Amino acid sequence: MAEVLLEINNLKKTYEDGNEVLKDFSLTVKKGEVVSIIGPSGSGKTTVLRCATMLTPISGGSVAYIGKKALWEEDGKVCQASRQDMKEIKKCFGLVFQNFNLFPHYTVMQNIIDAPISVDKVPRQEAIERAKMLLERLGLSDKADHYPFRLSGGQQQRVSIARALALQPKVLFFDEPTSALDPELTAEVLKVIKQLAAEHMTMIIVTHEMQFAREVSDRIIFMEHGIVQAQGTPDELFDSDNARLRDFIGKFTS
Amino acid sequence: MQTSTMLSQLASGMLVSIEIFVLTLLFSLPLGLLVALGRMSKSRILSGIIKVYIAIMRGTPLMLQLIVVYFAPYYVFGINISARFRFTAVIIAFSINYAAYFAEIFRAGIQSISVGQWEAAQILGYTKTQTFFKIILVQVIQRIIPPVTNETITLVKDTSLSFVLSVAEMFTIAKQIGAREASIVPLMVAGLFYFVFNYVVAFGMEYFEKRMSYFR
């Protein structure tokens, strides 16, 4: 049995304005699994990632990493792990953003090594060695000294993947990683994610790329109106007779 | 009066003007950053106090503020004011006045940085303080150079307001000589000095702006 890395139970999220984005979302991810979350805009996909990565506070339910509770509900109130535990929990995951969010005043190399050095206290030389290997793997070796603004969107997104990987997370989240890219650049980013999947990186990917999700995922989750409408292996989902799901997938793959 | 005597007197005033300028920048820029952070504080009380402070600094004449700062120790605390306090009062008044303006520039700059930068840093494990000093501040500085240049140029000219406290800077001296000699020349020379000073400041800031444009 592979180790359970992430466990989300009955996650709820209601924004201050009363908008109930997540009604009841549960997800368990084991080591080495690739899970894609698909669904129409406003279905709550991105909110799942934001809650799981603690960018957005949750309204109910629980989130745990490597068997350690991060957020949970007690007597109707949301509690969170102690500072020390939270620090360890936050090291478990990384997140790749839709619009990269690279640090513009840092070169590619600095973007990748700064967090390991100033957060994880990795010796500078070691951080550089690690970054060089990552850049090599992602085909960006010649860009190490460039500033982000000189790179294409696809290159920027690959750098942001390298930046996330440099901290050696156990789980990597992707929030619509290709939505800001044209088809050609999309392909180069998807290739990198596929490569990571082949290396058994545990990943949770919110995406609109249906064909990609089908190829890369062990499991696909279809969300709508803040709940999971269907989930299963790619083949199960793509051959499902759920009318809404067929309709949704059809729109993207035609 | 000989031209050379006049010039040497004006020159000594010029040094005082430059001193006021440099000291004011030295104090008001960091103070402005602190004020901006206070203004954006989650504490309603702190941000409220700061708002009032900024409103007073921007809403009343700087010349009046100079006078108030100079006489405050006497009227508020009953302390006898020595003549040497004039210069200190000028620096205090200029610093707290310019800090208010710089604070608003800093605030606009900080708020213009996308929330994605904060979020990316949070995910990578940076603390809030690390994020601010390592990630945000450099980007803010790059963006606020043009409005800061504006304020800096205004400050060069505003140093002349120190004449109300009879601090022997350029303008005070030019006015004295002008009155004594019944001549407009000293004031014209002073004007030329302010112009050249500002030309240098603008040039320097433009250079700094270029140096800071290595990223976008």
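Helices here are DSSP runs of H or I with at least four residues, and strands are runs of E with at least two, both numbered from the N terminus. With that in mind, select chain A of this predicted model, where you will find nine helices and eleven strands.

Next, colour chain A by domain, selecting 4–92 together with 169–253 as domain 1, and 104–164 as domain 2. The C-alpha centres of these two domains of chain A lie 25 Å apart, and the contact between them takes nine residues from domain 1 and eight residues from domain 2. On the domain 1 side, select helix α6 of chain A, residues 183–198, which gives the most to this contact, with four residues. By class, that side of domain 1 has eight nonpolar residues, no polar ones and one charged residue.

Now bring chain B back into view and look at where the two chains meet, a contact that takes 18 residues from chain A and 17 residues from chain B. On the chain A side, select β7 (93–96) and α3 (108–118), each of which supplies at least two residues. The side of chain A that touches chain B has ten nonpolar, six polar and two charged residues.

Finish with two residues whose backbone deserves a careful look, bearing in mind that most residues other than glycine have a negative phi. Select A:Asn10 in strand β1 (residues 4–14) of chain A, where phi is positive, at about 45 degrees, although the residue is not a glycine. A:Asn10 is partly exposed, with 13 other C-beta atoms within 10 Å.

Then move to A:Lys121, in the loop between α3 and α4 (124–137) of chain A, where phi is again positive, near 60 degrees. Is A:Lys121 buried or exposed? Since a residue counts as exposed if 12 or fewer other C-beta atoms lie within 10 Å of its own, A:Lys121, with 8 such neighbours, is exposed.

Note on methods. Residues numbered from 1 in each chain as written. Chains lettered and ligands numbered in written order. Predicted model: local features only at pLDDT ≥ 70, side-chain atom pairs only at ≥ 80, totals over all residues. Domains from an automatic or database assignment. Contact = placed C-beta atoms within 7 Å. Nonpolar A, V, L, I, M, F, W, Y, C, P; charged D, E, K, R; others polar. Buried ≥ 20, exposed ≤ 12 C-beta atoms within 10 Å, placed from the backbone.
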